[in-house]
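Biologist: I have a model open on my screen and would like to learn how to read it. Could you walk me through it?

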Amino acid sequence: MRGKMAWENRVLVPSAAMRRRHFLTLSCATLGGVLVYSLDRKVSLLRPDEKNKDKMLRIPLRFFDEAESLLVAAAVSRIFPSDDGGPGAKEAGVIIYIDRQLAGPYGSDRYRYTQSPFEDAPPEFGYQGKATPREIYREGLKALRGFDHLSADDQDAALEKIETSVFFSLLRQHTIEGMFCDPIHGGNADMVGWQLIGFPGPRLNNYDEIEKYYGQVFRPKPASLREVSGHSVEAGEDEK
Amino acid sequence: MKTLRKADVVIVGGGWTGLLMAKELGTRTALSIVVLERGVPRSTEKYADDMDELDYAIRLRMMQDAAQETVTLRHDARGRALPLRRYASFLPGSGVGGAGEHWNGQCPRNLPDFFELFSRTKEKYGANRLPEDHAVQDWGITYDELEPYYTRMDRLLGLSGKAGNLRGQKVEGGNPFEGRRSEEYPTPPTKQPYFSAMFRDAAKSLGYHPYPVPAATTSQAYTNPDGISRPACVYCGYCERFGCMIGAKAQPTNVLLPVIEKKKNVAIRKGAWVRRIAHDGAGRESRVLGVTYIDAAGNEIFQPAEIVFLASWTLNNTRLLLLSGIGEPYDPGTGKGALGRNLTHQVSFAAATAFFEKPLNRFMGSGASGMLMSDFDGDNFDHSQLGFLRGGLLEARNTGAHPIGEFGEVPQRVGARWGSRWKKAAVEYFDRTGRIVVSGEHLAYKGNYMDLDPTYKDRHGDALLRLTLNWRENERKMAEFLTKKAVEIARAMGATEVNAFPGLRNYDARRYQSTHVQGGTILGSSPESSVVNTYGQHWQAANLFVLGASLFPTAGGANPTPTILALTYRTADAVAESYVKRPGPLL
């Protein structure tokens, strides 16, 4: 944890309980296996096996409403498509990852310097805008109305139109994060992202292997932080 | 405001320099010592739970929180400075141990001529070869004077490596350009990742002199002179932006804290945010009286002290002196005043991103396992026909490639950043990409400096530090030259495609370079051109000492920590052996 001291003037957002609850309904078969949080935040792993294949998952959303989540899910599926090269944003559950990040401290810019004045600046000064990631998504999604009903080609054309926007650069960055983060963050379901690229996760010891596999593929079976450490680890987005 | 009982010594900052000073004075003297650290406690035992790329390497959980305090940046004195709303181009640490907890542990020494940069350059090339607006000056201390302290630093950390110049004898396999070392490294070199081994073979085939990175990620179990034992590195690949889960990487919390915690005369206060250094006036013979800080509960506290050490990293050292009104702020117009001058940031960039046919298994590695070469560092090559001075280290390491940060760069011909074509190439190349990185010298210029920002404030309402910083032709040409060399080596390594660094334009606050920001409270031989003497002792206030890279008049190609710790040892000796007996100017 960072050394947080109370920020007296921090604006509180309405808690999830104060909002109308929204769910994203997904077929279990599309996800590589997902950590599902029930309403009381108990966690269970659903795998896409025979028994669950036709089961529909109702995943409680923390930030998006259902319509927004469908737009974002469709957009990230074009950025990182599921194709003959392997699974993509859909199987990894990138939408679940993004929803949780936006609901958490990152989404509200808790750790960004947000004092005014805000001024326009050349790109090398970094993002200087006032809008938080939550606000950038809400605004950006307006331009994608109806996106989830377009053909794949039309979807790509729509994304090309916003390719240089701050919103798109966040979408692309968050897609990569949701593909390859530790599964505690809601993305990389069943470690499909890590399996795709041969990343083993937080592997504790490579002493005997580092000089042994010169020029040859060495692909230990991926294991998540929870599996490696043997206990649950708090994810940053759950920070109160 | 509450006033506490007077301490003999107050140290502002609990990172490498502050804790090394606390250990040295705490064990060698009976002085009562208080370390004030504004971040949280940390310990090696908890680091195994932190092997999460998203929260640590991307969301930067161990770093300073920009929401509470950041810096502003402009490219020249005419421009309007804007805040770095997130840290990105450098990442200041926070918490006990500071950035020393999440560093890579790469530990080369600076070259001997680096300490006499002005006079050696003038002697060899003539003074008019230095850029017109340079602010280069000699350190006032030489490599040979620092060598014994470097050696103590090597032993404290148990550095792994291979000497190339042992007591004047050249040794095969080490760095032939390094200064004379009085001793071999305490432990042998680390194991080599495949990418680094390929670099070594290719560089040798081209006639260069690669050598193993001097590493604080120790190659075998080691017990240092304080009796502190650490295990061998296991190459898990979680060094940079992470604490070491087994304590193989030397960190302030594993080599200094255990010694300090046994000493009753040293106290570390966490959550203590120092705002001012109190002093008795602005005259030439001033004294500091102690420091004021906000404690973890939000109370304002005055901690009186006989001696104050500022050890709060380059930027905060400079800022605290500016906020406290100690010393004359630098004026770039007149050249008067020394506080804030000579801001530098090591010239670091990925010179060649090389794509291979064979897999690299690059999740295995450590922050400092790999190869370096110094053939194009400093003045190790002739510059008479070149349009620039100095150079940099070429590095081939495998720090442990994590997928969020590393996924997505593809050969330029792919021409896509998203969609199926990009995905295919990015997946294919994820484990077939290696980077030859440059760590280059940054000369000091009259126009690169720090002062207080007139607009933006921190969480307490104190002015942010303003950086006026940009690259000059010397760095741009040097980067272009080193990029060509790196591409040449990448080709010799068998890379099928290479993305070359596009070149330095304006200073880019978005691109992580290194956390080697230097200058501001520079050391030197005279109060007119420096803030402190070579002991880090303030010219105007003899009971105030400054520690860290804020003392560096210019930035070297070598990583600064070894030189920082060597200087800290030297100051500790002078304080423990001379100053406490006869307080006053050491020079």
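Modeller: Gladly! Let us begin with a term: a residue is called buried if 20 or more other C-beta atoms lie within 10 Å of its own, and exposed if 12 or fewer do. Keep in mind that this is a predicted model.

Biologist: Which strands pair with β18(B)?

Modeller: Strands count as paired if at least two bridges are found between them. Strand β17 (residues 370-373) of chain B is joined to β18(B) by 4 bridges, and the two run antiparallel. Within that pairing, Met373(B) is found opposite Leu394(B). Strand β19 (residues 433-440) of chain B is also joined to β18(B) by 4 bridges, again antiparallel. There, Gly392(B) faces Gly440(B).

Biologist: What is the order of the strands in the sheet?

Modeller: The open sheet has 6 strands, in the order β8-β17-β18-β19-β16-β22 of chain B, and the pairing is antiparallel. The edges are β8 (210-212) and β22 (497-500); each has a single partner strand, so one side of each is left without a neighbour in the sheet. On average, neighbouring strands are turned by 25° against each other, direction ignored.

Biologist: How many bridges join β22(B) to its partner?

Modeller: Strand β16 (residues 347-355) of chain B and β22(B) are joined by 4 bridges and run antiparallel. In this pair, Phe355(B) stands opposite Glu497(B).

Biologist: And which helix lies across these strands?

Modeller: That is helix α5 (residues 194-205) of chain B, which lies across β8, β17, β18 and β19 of chain B. Its direction makes an angle of about 30° with β17(B).

Biologist: Let us go back to Gly440(B). Is Gly440(B) buried or exposed?

Modeller: Apply the cut-off again: Gly440(B) has 25 other C-beta atoms within 10 Å, so it is buried. Its place is in strand β19 of chain B. Contacts that skip sequence neighbours show what the fold brings together here: beyond four places in sequence, Gly440(B) touches several residues, including Gln346(B), Val347(B), Gly391(B), Gly392(B) and Gly557(B). Take Gly391(B): it is 49 residues from Gly440(B) in sequence, yet their C-alpha atoms are 5.6 Å apart.

Biologist: Now the nonpolar core. Which residues have the most contacts inside the largest one?

Modeller: A nonpolar core is a set of buried nonpolar residues joined through their C-beta atoms. The largest here has 234 residues, and those with the most contacts inside it are Ile11(B), Phe309(B) and Ile436(B).

Biologist: Stepping back, what does chain B look like as a whole?

Modeller: Chain B has 12 helices and 24 strands. Its radius of gyration is 23 Å, close to the 25 Å that the globule rule gives for 587 residues, so chain B is as compact as a globular protein of that length. The C-alpha trace spans about 65 × 55 × 55 Å along its principal axes, and 62% of the residues count as buried. Of the contacts with a separation of 6 or more, 76% link residues 24 or more positions apart.

Biologist: How many helices and strands has chain A?

Modeller: Chain A has 8 helices and 4 strands, and along the sequence they read β-β-β-β-α-α-α-α-α-α-α-α. Of its 240 residues, 38% are buried.

Biologist: How many residues does each chain bring to the contact between them?

Modeller: Chain A gives 59 residues and chain B gives 62. On the chain A side, α1 (66-79), α6 (166-180), α7 (192-197) and α8 (225-229) each supply at least two residues. That side divides into 30 nonpolar, 15 polar and 14 charged residues.

Biologist: Which residues does Phe168(A) contact?

Modeller: Phe168(A) is in helix α6 of chain A. Leaving aside neighbours within four places in sequence, Phe168(A) contacts Leu159(A), Ile162(A) and Glu163(A). With 20 C-beta neighbours inside 10 Å, Phe168(A) counts as buried.

Methods:
Residues numbered from 1 in each chain as written. Chains lettered and ligands numbered in written order. Predicted model: local features only at pLDDT ≥ 70, side-chain atom pairs only at ≥ 80, totals over all residues. Contact = placed C-beta atoms within 7 Å. Nonpolar A, V, L, I, M, F, W, Y, C, P; charged D, E, K, R; others polar. Rg over C-alpha atoms; globule rule 2.2 N^0.38 Å. Core = buried A, V, L, I, M, F, W, Y, C linked by C-beta atoms within 7 Å. Axes fitted to C-alpha atoms, helices over the stretch in contact; angles between N-to-C directions.
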